[in-house]
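Subject: Handing over the model

Dear colleague,

Here is the structure I promised to pass on to you.

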Amino acid sequence: MSRLEYHVLLALANGALHGYAVKEAVSSESGGAVAPHAGSLYRALARMMTAGLLREVEAPRDAEPHPGLARRYYELTA
């Protein structure tokens, strides 16, 4: 498991987040030591979904819509 994947798991431990929020949480959680670019983050998310660690879910009811963008939300699997 890479450092990025480890920090993604930590970021999602408290519930579902959209991709950009995962990116910000990883950077914050790692104290800036892991600051993924969008491409590397989404490749890591795809690998983790393939491995069964994450799944894509519907946006939470209290999520604010973002005009013009359909955000994808991810959460940990059991």
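Does Tyr42 count as buried, partly exposed or exposed, and what is its relative accessibility? Please bear in mind while looking that this is a predicted model. With a relative accessibility of 40%, Tyr42 counts as partly exposed, because that class covers values between 20% and 50%. Tyr42 is found in helix H3, and, if residues up to four places away in sequence are not counted, it touches Gly19, Tyr20 and Tyr74. Its C-alpha atom is separated by 13 Å from that of Glu24, which is 18 residues apart from it along the chain.

The core

The largest nonpolar core has 13 residues, and within it Leu4, Val8 and Val26 touch the most other members. Helix H1 (3-11), helix H2 (19-29) and helix H3 (38-50) each supply at least two residues of this core, and H3 gives the most, with 4 residues. As general background, nonpolar side chains in soluble globular proteins tend to be buried together.

Val26 touches Leu4, His7, Val8, Ala11, Val34 and Pro36, when residues up to four places away in sequence are not counted. Val22, which lies in helix H2, is buried with a relative accessible area of 0%.

Helix H1 and what covers it

Which residues of H1 are buried, and where do they lie around its axis? The buried ones are Leu4, Glu5, His7, Val8 and Ala11. They are on the same side of H1, because they cover an arc of only 165° around the axis. In general, an α-helix has 3.6 residues a turn, so residues three or four places apart point the same way. The cover over the buried residues of H1 includes strand S1 (17-18), H2, H3 and strand S2 (54-57).

His7 has its place in helix H1 and is buried, with a relative accessible area of 13%. Leaving aside neighbours within four places in sequence, His7 is in contact with Val26, Glu29, Ser30 and Val34.

On the H1 side, the contact is made by Leu4, His7, Val8, Leu10 and Ala11, and on the H2 side by Val22, Ala25, Val26 and Glu29. Sorted by class, the contact of H1 with H2 has 7 nonpolar, 1 polar and 1 charged residues.

For H1 and H3, the axes come within 10 Å and cross at roughly 75°, and this pair is therefore also roughly perpendicular. Here Leu4, Glu5, Val8 and Leu9 in H1 meet Ser40, Leu41, Ala44, Leu45, Arg47 and Met48 in H3. The residues of the contact of H1 with H3 divide into 7 nonpolar, 1 polar and 2 charged.

Around Tyr73 and His18

What does Tyr73 touch, if residues up to four places away in sequence are not counted? Its contacts are Ala16, Leu17, His18, Arg55, Glu56, Val57, Glu58, Ala59, Pro60 and Ala63. Tyr73 has its place in strand S3 (residues 73-76) and is buried, with a relative accessible area of 7%. The C-alpha atoms of Tyr73 and Gly15 are separated by 9.8 Å, while the two residues are 58 residues apart along the chain.

His18, one of the residues that Tyr73 touches, lies in strand S1. His18 is buried, with a relative accessible area of 11%, and, leaving aside its neighbours within four places in sequence, it is in contact with Arg71, Arg72 and Tyr73.

With best wishes

Key: Residues numbered from 1 in each chain as written. Predicted model: local features only at pLDDT ≥ 70, side-chain atom pairs only at ≥ 80, totals over all residues. Heavy atoms only, no water. Core = buried A, V, L, I, M, F, W, Y, C linked by side-chain atoms within 4.5 Å. Buried < 20%, exposed > 50% of the residue type's maximum accessible area, 1.4 Å probe, protein only. Contact = heavy atoms within 4.5 Å. Arc of directions from axis to C-beta. Axes fitted to C-alpha atoms, helices over the stretch in contact; angles between N-to-C directions. Parallel < 35°, antiparallel > 145°, perpendicular 65-115°, else oblique. Nonpolar A, V, L, I, M, F, W, Y, C, P; charged D, E, K, R; others polar.
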